[in-house]
Amino acid sequence: MSDPNEIMAAPVADQTVEQAVTQVMPINEDTLLVLRLFDHMDASAPLMRLVIAATIIGVSLLLLLLTRVYISRRLKRMEAAPEERYRALRWQAQDLLSAADMKNLWMSVWTWLGRLLSLLFILSAINGLLLTSGWTLRLAASMITSFLDALVYVWTGFVSYLPNLVTIVLILVVARFVIRTLGLIFEGIRTRRIYLKNFYPEWADTSFGLVKLLIYALTAVIIFPYLPGSSSPAFQGISIFVGVLVSLGSTTAVSNVIAGTVLTYTRAFSVGDQVEVGGTRGRVVERSTFVTRIQTLKNVIVSIPNSMVLTNNIINYSKNMGQKGLLVHTSVTIGYDVPWQTVNQLLIAAAQKTDHIAETPAPFVLQTSLDDNYVSYEINGWTRSPEELPAIYSMLHANILDEFHGHQVEITSPHYRSVRDGNASTVAEVMPREAPAEAAEAANKPV
C-alpha cells in the first residue's frame with residue numbers, strides 16, 4: 001500500500017495557480033478568465049507577468065509623482081494669484097459667490113482632484129505589486145475585474161441615459177428661448193416701447209418674474225421623470241419630505257410674496273414715493289419680493305414685511321401730485337375779537353413767505369369751526385416737494401407766529417381765555433430773521 005501523502009502530492013504539484021486558488025474559495029467568471037489568461041502567459045512566457053507588473057508599478061509611481069508636482073505647483077500659483085482674476089458668481093445683480101469664494105472653490109476642486117488621482121495611481125501600483133506573486137494573483141485579478149466592471153457600468157449607464165439627457169437638454173433650450181423672448185417683450189413694456197391697454201409699465205418686472213417662475217416650475221415637472229433615479233422610492237420619499245418642510249416653514253414667506261404681488265398690481269406706491277405705512281413715514285427705497293424698505297425722515301432704513309404693508313393703511317404723499325401738487329395745511333385758533341378778514345390775510349401772508357409752497361394755485365383759508373372762546377382757522381397751500389414736508393411745516397408755523405405777533409394778534413390755542421384787567425399782552429415780540437441773536441440782545445436791554 002502506497003503512502004497517501006505521495007498520492008496527494010502528485011496532483012498538487014501538477015495544479016495551476018488557478019486550480020489551487022479555486023479550491024480554497026469560490027471565484028467569479030471574470031476573475032477566473034483573468035487567471036486563465038495569466039496561466040497561459042506563464043506557460044508561454046514565464047517572465048512576462050513580472051515585466052507587466054514592473055511596468056504597471058513604474059508607470060503608476062511616475063504618474064503619481066508627476067500629478068503631485070503639477071497640482072502642487074498649480075495650487076501655489078492659484079494661491080499667489082490676485083482675487084481679481086476670478087469672476088464672481090452673480091445672479092440678478094447679486095454676488096452669490098464672491099471672487100475670494102470662487103478662488104477658494106477652485107483651489108478645493110484641484111486639491112480633491114489631486115487626492116483622487118493619487119489614490120487611483122496608488123491602487124494601480126499596489127495591483128502591479130500583487131501581480132508579482134502567485135499567492136496574491138487572485139486578489140490582483142479581482143481588483144482588475146472590479147475596475148473593469150466599474151468602467152463598464154458607468155459607460156453602459158451613460159450610453160443608456162443619452163436619450164433622456166438629449167430630451168432634458170432640448171427642454172431646457174426651449175424653456176430658455178421662451179424666457180428670453182418674453183424678457184424682451186416685458187422689457188419693451190417697461191420702457192414703454194410696447195403698449196398694452198390697461199397694462200401699466202410698472203407691472204412688467206413683477207409679471208415677468210411670475211411668468212418666469214411658472215415656466216421654471218413647468219420645466220421642472222416635465223424634466224423630473226427623465227432624471228436618473230426619479231422613480232426610486234428613496235428619491236420620492238425625499239421629495240415628499242422636502243415638500244412638507246417647505247409647506248410648513250414657508251407660510252409667512254408665501255404670504256409676503258403674495259402681498260408683494262398684490263401691492264404691485266394695486267399700484268399703491270412706487271420706489272421713490274413719500275409714504276406713511278403703519279406709523280412709519282419716509283421715502284420708499286426698495287420694494288422686493290418679501291419686504292418694503294422705507295428711508296425715514298431721520299435717515300433710518302425700516303424694513304416692513306409686505307404682508308404688514310398690505311394690512312395697514314398706506315398714505316402716499318407723491319401719488320397724485322397732478323398739476324397742483326400736495327396740499328399742506330395747519331390750524332390755528334383766534335379769539336372772536338379779531339376780524340376773520342385780518343386772520344385770513346395774516347395766514348395767507350405766512351404761507352406765501354414759506355419756501356416750497358406754490359404761489360399758483362394761491363393759498364387759501366378755511367374757517368373750520370366756531371368754538372366757545374375762539375374761531376378755528378385752517379391755512380392750506382400747495383407744494384410739489386413732499387420730501388420736504390417736515391421743513392415746510394416748521395417754516396410755515398414760524399411764519400404764522402411772526403405774522404400774528406408782528407400784528408399784535410394773540411393765538412388763543414388750544415384753550416386760552418384772556419382776562420382784560422390791565423395785564424400785559426401775551427403777544428411775543430417779533431425778532432428779525434436775519435439776526436435773531438442781536439435782536440434778542442436788543443430786546444433784553446432796559447429802556
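A nonpolar core is a set of buried Ala, Val, Leu, Ile, Met, Phe, Trp, Tyr and Cys residues joined through side-chain atoms within 4.5 Å, where buried stands for under 20% relative accessible area, exposed for over 50% and partly exposed for what falls in between, with a 1.4 Å probe and protein chains only. The views below come from a predicted model, in which local features need pLDDT of at least 70 and side-chain atom pairs count only at pLDDT 80 or more, while totals for chains, interfaces and linings use all residues. Residues are numbered from 1 along each chain as its sequence is written, and side-chain values use heavy atoms, with hydrogens and water left out.

**View 1. The largest nonpolar core holds 22 residues.** Ile334, Leu347, Tyr377, Ile400 and Phe404 have the most contacts inside this core. Two or more residues come from each of β8 (326–335), α11 (340–352), β10 (374–383) and α12 (389–406); helices (H or I, at least four residues) and strands (E, at least two) are DSSP runs, numbered from the N terminus. What does Ile400 touch once its neighbours within four places in sequence are left aside? Its partners are Thr330, Val332, Leu347, Ala350, Ile379 and Ile411, with contact meaning heavy atoms within 4.5 Å. Another core, of 10 residues, lies apart from the largest one and includes Val34, Leu35, Ala53 and Ala141.

**View 2. Helix α5 packs against helix α6.** Here residues 99–130 (α5) meet residues 137–190 (α6) at an angle of about 145 degrees, and the axes are 8 Å apart. Axes are lines fitted to C-alpha atoms, for helices over the stretch in contact, and angles run from 0 to 180 degrees between N-to-C directions. On the α5 side look for Leu123, Asn127 and Leu130; on the α6 side, for Leu137, Leu139, Ala140, Met143 and Ile144. By class, this contact has 7 nonpolar residues, 1 polar and no charged ones (Ala, Val, Leu, Ile, Met, Phe, Trp, Tyr, Cys and Pro count as nonpolar, Asp, Glu, Lys and Arg as charged, and the others, Gly among them, as polar).

**View 3. Five strands form an open antiparallel sheet in the order β6-β5-β4-β3-β7.** The edges are β6 (301–305) and β7, each pairing on one side only. On average, neighbouring strands are turned by 40 degrees against each other, direction ignored. Two strands pair if DSSP finds at least two bridges between them. β4 and β5 (residues 291–296) are joined by 5 bridges, and Val284 has Ile294 in β5 as its bridge partner. β3 and β7 (residues 314–316) share 3 bridges, with Val275 opposite Asn316.

**View 4. Strands β3 and β4 form a hairpin with 2 residues between them.** The strands, residues 274–277 and 280–287, run antiparallel over 4 bridges. Val277 is bridged to Thr280 in β4, and Gly278 of the hairpin takes a positive phi near 55 degrees.

View 5. Most residues other than glycine have a negative phi, and most peptide bonds are trans. Which bond joins Thr360 and Pro361? The peptide bond is cis, with omega about -5 degrees, and Pro361 is found in the loop between α11 and β9 (364–370). His356 is in that loop between α11 and β9 too, and has a positive phi of about 70 degrees; His356 is partly exposed, at 44% relative accessible area. In the loop between α6 and α7 (204–223) sits Arg192, whose phi is near 65 degrees. Arg192 counts as exposed because its relative accessibility is 63%.
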